Amino acid sequence: MSTVIEKPKKEKVDRQLMPVQEPHERVKNFDEVAFGYTEELALLEASRCLQCKKPLCVDGCPVHIDIPGFIKLISEKDYQKAIDKIREKNDLPGICGRVCPQESKCEGNCLLGKKNEPVAIGRLQRFVADWEFQYGEYEVEDVTPSGKKVAVVGSGPSGLVVAADLARLGHKVSIMEGLHVPGGVMVYGIPEFRLPKAIVQHEIDNIQKLGVEIKCNTLIGKSNTVDDLLNSGYDSVFIGTGAGYPYFMDIPGEFLNGVYSANEFLMRANLMKAYLFPEHLTPIRIGKKVAVIGGGNVAMDSVRTAVRLGTEEAHIIYRRSEKEMPARLEEIEHAREEGVQFKLLTSPIEIIGDENGWVKSMICLQYELGEPDESGRRRPVPIKGSEFELEVDTVIMALGQGANPMVPQTTPDLEVDKDGNIIVDYETGQTSKPGVFAGGDIVTGADTVIEAMGAGKRAAQAIHEYLSSGNKRH
Amino acid sequence: MFKIVRKQVLSQTIKLIEVSAPEIAAKVQAGQFAILRISENGERIPLTIADFNREDGTITFIFQEVGHTTINLGKLESGDHILDLVGPLGMPSQISDFGTVVCVGGGIGVASIYPIARALANKGNRIISIIGARSKDDLILADEIEKVSDKLYITTEDGALGQKGLVTDVLKGIIDEAQIDLVVATGPVAMMKAVSEMTRPANIRTTVSINSTMVDGTGMCGACRVEVNKEAKFACVDGPEFDGHLVDWDIVEIRSRTFIDKEKMVMEGCTGGGCSCQR
């Protein structure tokens, strides 16, 4: 453990660090990087909260957790009540405590952060969620059945939240999941070392205790369509199918062996547990030199997975500078600590193969930053004559993901935008099709778990109102 | 869990299983496939749905035992269960009244051509089928295919049954003699490529079924990508059927070899002794 527990001072307690696995240790395993607060650390950190009368942190939270409320309960050592307080608004506390970008949400608004460092809200949430996982009780209150049935398509964060909220309101909810396990991007995308699958499963188990049914191996758009669901007795359908469509660069050499989409690479590693090959039978090939193209969280997850699979050299190739990288700072720092090399202002223009069709190198071009583009970030401009060859065995494309097209393609009256994202009313998630709601990445494009959950909360409320108003679809 | 209701041993390495899967059976059309996983540590593998019975709610797979998963699938008996099964996946075959259609199936690909030939026959096409195998014992579904064909040719490489040689030897003669409106070919990559090269000069529309490596099979991993007419396509959601004249066969061949050595490792019983051979 690398953290020294800091002694409380009389007036001022510093933001408490979370103990983590040392980099040279953690690159050899897939165990979680951060251990979480001890009780002592949690109490110290909780003591920092100012208990603002008008807490700005709550405004920053897409699901509006009573943050000062649960922190106060931690200070009182009433951990059960603290987790209950969080659960009033958030059904995935152990997940959000780990993967939420708190720095731009709750903690970004924290008053302490104006002068010093903000309260570590995420770490405190994780502490009580983990406490619950070990010692806590999860009680389900009886509800009066409404007699209404809702189908939720996709078991990622938005779908799980919709299901939980609607189940508490007495509706019978069935989640349809195409893969063989529920959890969506939280199981196929985010690696074990950042989000243990046991934590995801624990939260899903709790949601099932509310009476939610999860049907895996059920791919809507193929097994059944949204219209089939509506015609077979479901009163409403929520679509939370996510952004799972992998982008490639459309450069020469992308079909060579050794080129993966980040989705394929992470699915093999996470969903299929290829890091345990051959006990788990799905193979993965890593090579001695790996290049990951992209600068987001998925790129960091991919490159850090490659490091743990034993590659000797791991590169992030990103065409802008570090400042423009969309990944969380913490992820970039962790990657760097684990020996990842950052080749910034660089982008490949061709992948070269050997005589057997395997990747052997990549031709890259260097860039400089020009004027800001429509995203507000400075546009990368190629430098003439800057081509160089980088020797690599494996190339992983982490360029972002697009909308999963399967449901829109098989639901003719569902309006989508030019990117294939479903068009909805922001407040309600209402789509162009009566009785059909949508939320999460299938609406916004690839975004965070917590934003998807926020959309799920809003949609659940709107679906409840829709079901209660006696509206008929036809 | 999905129950195996019937098992039939078709040859030493080719087995048939009929599986209870009412939701898939209700929807499946010719040309589609399913993905299955037989154990908690298992791979997801795609298999063509060779037949289906909507009334009984069953689908049929015919598979050759070529790797760890198919060998273990072959050990399951009637009454046993498959852990995970999802489908129907992929786009259905285009079934319309084309006229005269030559259906070419090679090896285990005969199982894939059968539902397509049947659907095309039901639509009123004249069906000429050519099915081939290494030897007599490996030839499957000859009776079934004969029933839906106006004419059936059989080839074996050892000449023990039908004509000695390859399916393309027969195809050559047919193309030279008759007016053909469509050729559909399913089988090994080399066979589909040879068929496509043969029909290209004659400008006969040719459909092939690409059986790539897949992980999810639902359009998310891109492992199955093929280049068709200079464009990236996913065999799982855009295919598995493509125009054989537009497929870049070199890419299909290269990508079919991605994990051959890993498969060998598993087959040879490697248990992961920390030798770093993952690299």
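**View 1. Area buried between chain B and chain A.** In this predicted model, chain B and chain A bury about 4,200 Å² between them, 57% of it from carbon and sulfur atoms; buried area is the accessible area (1.4 Å probe) that two parts lose on being put together, summed over both. The contact (heavy atoms within 4.5 Å) involves 47 residues of chain A and 50 residues of chain B. Residues are numbered from 1 along each chain as its sequence is written, and chains are lettered from A in the order in which they are written. Local features need pLDDT of at least 70, side-chain atom pairs count only at pLDDT 80 or more, totals for chains, interfaces and linings use all residues, and side-chain values use heavy atoms, without hydrogens and water.

**View 2. Salt bridges between chain B and chain A.** There are 2 salt bridges between the chains, a salt bridge being a side-chain nitrogen of Lys or Arg within 4 Å of a carboxyl oxygen of Asp or Glu. One of them joins Lys215(A) to Glu23(B), with the closest N and O atoms 3.5 Å apart.

**View 3. Domain 1 against domain 2 in chain B.** An automatic or database assignment divides chain B into domain 1 (2–89) and domain 2 (100–256). Their C-alpha centres lie 21 Å apart. The contact takes 19 residues from domain 1 and 23 residues from domain 2. About 1,600 Å² is buried between these domains, with 62% given by carbon and sulfur atoms. Phe33(B), Arg44(B) and Ile62(B) supply 24% of the area that domain 1 buries against domain 2, more than any other three residues.

**View 4. Salt bridge between the domains of chain B.** The two domains share 1 salt bridge. Asp51(B) forms a salt bridge with Arg118(B), whose closest N and O atoms are 2.9 Å apart.
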